[in-house]
Amino acid sequence: MLKPYKSSDFKLLENWVTDAELLLQFSGTDFSYPLTEQQIQDYQDTYPDRHLYIGYTLEKLPFAFGEIIPQESGYPRLARILVGEPALRGQGLGRYFIQMLLEESKRLYNTSIFELFTWVKNYAAIRCYESVGFKFLTEKSKTMVHKGISYDIHKMVFKYESAE
């Protein structure tokens, strides 16, 4: 189940984001460690058209955080995806969460094409995205620089295939 993020959900994020490296990996340079409720609020105030969500298991346990970003291309972008609950990682819940975000994106934007960016060395996330059906574009999309270190960021695209 997918629920819109509320400020009362911040404690979940605070518990899930345990170090600066994890924060950088899932959110890029938009936030700084330690993550604060004010940072999230400022982000939402700056980007009111972006949708933040918490993912819940079938047993109604919160386990993930993610975002859907509308883009000028008309193809929404998934971002800031984190299977936050460490005990629930590696069980296929990331794939479940991505599928829920795709369905919500499809509902919101009536499209069958979706994008996301990933750091090329985020191997676990890439395996998850590929298992859902995301494919890499061949060219590097951008380079993110943080504290003097360069990170190659690549775009991945997902297309729902029409059942004909």
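Predicted model: local features only at pLDDT ≥ 70, side-chain atom pairs only at ≥ 80, totals over all residues.
## Backbone features

The peptide bond that joins Y33 to P34 is cis, its omega being near 0 degrees. P34 itself is found in the loop that runs between helix 2 (20-27) and helix 3 (37-46).

Two residues have a positive phi without being glycine. One of them is R80, whose phi is about 45 degrees, and which lies in strand 4 (residues 77-83). The other is N110, with phi near 50 degrees, placed in the loop between helix 4 (93-109) and strand 5 (113-119). R80 has a relative accessibility of 9% and therefore counts as buried, for the cut-off is under 20%. N110, with a relative accessible area of 74%, is exposed, because exposed means over 50%.

## Helix 4 and its end

Helix 4 has 17 residues, and from its first C-alpha to its last it reaches 24 Å, close to the 24 Å expected at 1.5 Å a residue. Its buried residues are L93, G94, F97, I98, M100, L101, L102, E104 and S105. In an α-helix there are 3.6 residues a turn, so residues three or four places apart point the same way. Just after helix 4 comes N110, with its positive phi of about 50 degrees.

## The largest pocket

The largest pocket holds about 1,100 Å³ of space. Its lining is made up of 42 residues, and those nearest its centre are Q25, I81, N122, A125 and Y129. Two or more lining residues are given by each of helix 2, strand 4, helix 4, strand 5, helix 5 (123-132), strand 6 (135-146) and strand 7 (149-159).

Strand 4 provides the largest share of this lining, with seven residues; strand 4 is also where R80 lies. Sorted by class, the lining of the largest pocket has 21 nonpolar, twelve polar and nine charged residues.

## The second largest pocket

The second largest pocket has a volume of about 160 Å³. It is lined by A20, E21, L23, L24, G28, F31, S32, Y33, H146, K147, I149 and Y151, and the elements that give two or more residues to this lining are helix 2 and strand 7.

Helix 2 gives the largest share of the lining of the second largest pocket, namely four residues. By class, the residues of this lining divide into seven nonpolar, three polar and two charged.

Note on methods: Residues numbered from 1 in each chain as written. Heavy atoms only, no water. Buried < 20%, exposed > 50% of the residue type's maximum accessible area, 1.4 Å probe, protein only. Expected span 1.5 Å × (residues − 1). 1 Å grid on protein atoms, 1.4 Å probe; cavity = no way out; pocket = protein on both sides within 12 Å on 5 of 7 lines; lining within 4 Å. Points joined across faces, edges and corners; volume = space filled by probe spheres on them. Nonpolar A, V, L, I, M, F, W, Y, C, P; charged D, E, K, R; others polar.
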